[in-house]
Amino acid sequence: MVTTCTSTQPATTAAINDSGATPPEEKETTNEMHSVASSDCEVLTHLLKAALGTGVLAMPIGFKNAGLSMGVLGSVLATAVCTHCAYLVVKSAHILYVRTKVNAMTFQEVGEVTFATGPDWGKKFSRTARYTILIGLFATYFGTCSVYTVIVANNIQQVVEHYTNTSSDQRWYIAGTLPPLILLGWVPSLKWLVPVSMTANVSMTVGLGITLYYLVQDIPPISDRVQFAHPYGWPQFFSIVIFAVQAIGVVMPLENGMKTPRDFIGFCGVLTQAMTLLCVIYTTIGFLGYLKYGDSTQGSITLNLPVQEVAAQSVKILIAFGVYCTYGLQFVVPVQMLLNATRDKFPVSPLLVSYIVRTLLVTATVGLAVAVPTIGPFMSLIGALCMSVLGIMVPALIEVVTFWDSGLGRFKWLLWKNVLVCVFGLMALMFGTYTSIEEIILVYSSDEKLRILQN
């Protein structure tokens, strides 16, 4: 969940204006929890809640693409890189606070101010940096909402078809989620989504708990599974892990609201603690899911549970309901961006414009899900296209520009380190996107062959 939190100190605008960049807009703060500073424990809880989402359901299919041993090693590596990149954003922000004499910035403002107050050659890229981050955030959360739609529809489909003994194209079930999602998208205030968030947490927790119970029943020996899969599948694996553990959108809002912001980073800081716990949880689910189901592992691990059992049916319904509720929280980010962009263009009847924008955006997310009704490849495509840029390459670039004038260390080690980080992100972007699109095309080809055989 990305929120907007800005400083209203005059020095901010002056500092940015002196560098030729556009000053951040004055806007109402939507992150009400920051009205009272949060303790380290509260921030840790918020970070875990924000990052521990539906990505965990796809970890087993990620392990299928990587192999058991490679899955464990790769999960640790990808989590370490994502944690380090989040750390870079916060560390750079602390430097910028001193330069601009402010005490809070959003992610996009960090990107803009980094270039605006950095070396002369970078000043002209300040607005580009801001809009790149904004577009990346929009694309990430828009795509995530579409993935959520597929997960909801697929889990409901299995239960319905079990009791009705019918078989339908999953696209009909995805399209059927449109009316309830529109109603959820119409909720105008984040405050009203708090009960929905609590309900989602309970549903997801219970559902994952029962899922874990199934995963530890009658598991085969580790030697029965591939330890290191063909490298062709590794990009999809890394893209799924990046999608699952990435929480770059909430890092700055949470850091802004802390009583002691310095505690957020550091070797044993809140960020490290949260990401370590997430790595353990995601790796455990991925490992056990692939160990249990092997080559039959599906895009969402709940789809592997025996649909004829009541407990498994309850998991599918709980997960579907929990993901549906979470859709509303994720949807706030892209819809708020669009509303901010259209507010000045349509000053008459702002409430009507709001409902129209919300309806069209929900319809667009469902339309994309109907077009690409695959969970694993779709999720890895978002991780490769959006999060590898937003969560890996952009933070590395921010650190380099921030420290360009003050020094990049002996032998310019800071520069070369971030070059390696960017290479990792670029590989995830290129190979992850290629393999994900190829997998999606394969799904379409399989559907076409199936229709030909049926006719």
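First, a rule for the tour: rings of Phe, Tyr and Trp (its six-membered ring) pair if their centres lie within 6.5 Å; planes under 30 degrees apart count as stacked, over 60 as edge-to-face and the rest as tilted. This is a predicted model, where local features need pLDDT of at least 70, side-chain atom pairs count only at pLDDT 80 or more, and totals for chains, interfaces and linings use all residues. Residues are numbered from 1 along each chain as its sequence is written, and side-chain values use heavy atoms, with hydrogens and water left out.

Start by selecting Phe63, Phe237, Phe238 and Phe424: together they form one aromatic cluster. By the pairing rule, the count comes to eight aromatic pairs.

Next, pick Trp121 and Trp404. Their ring centres sit 5.2 Å apart with the planes at 75 degrees, so this pair is edge-to-face. Follow the chain and you'll see that the two are 283 residues apart: Trp121 is in the loop between helix 5 (107-116) and helix 6 (126-164), and Trp404 is in the loop between helix 15 (375-402) and helix 16 (413-454). (Helices are DSSP runs of H or I, at least four residues, numbered from the N terminus.)

Now try a surface view. Buried or exposed? Buried means under 20% relative accessible area, exposed over 50%, and partly exposed in between, using a 1.4 Å probe and protein chains only. Trp121, at 41%, is partly exposed, and Trp404 is partly exposed at 37%.

Last stop: Phe138 and Phe142. Their ring centres are 5.9 Å apart and their planes at 10 degrees, so they're stacked. Both belong to helix 6, four residues apart, which means about one helical turn separates them. Phe138 is partly exposed at 24%, while Phe142 is buried at 16%.
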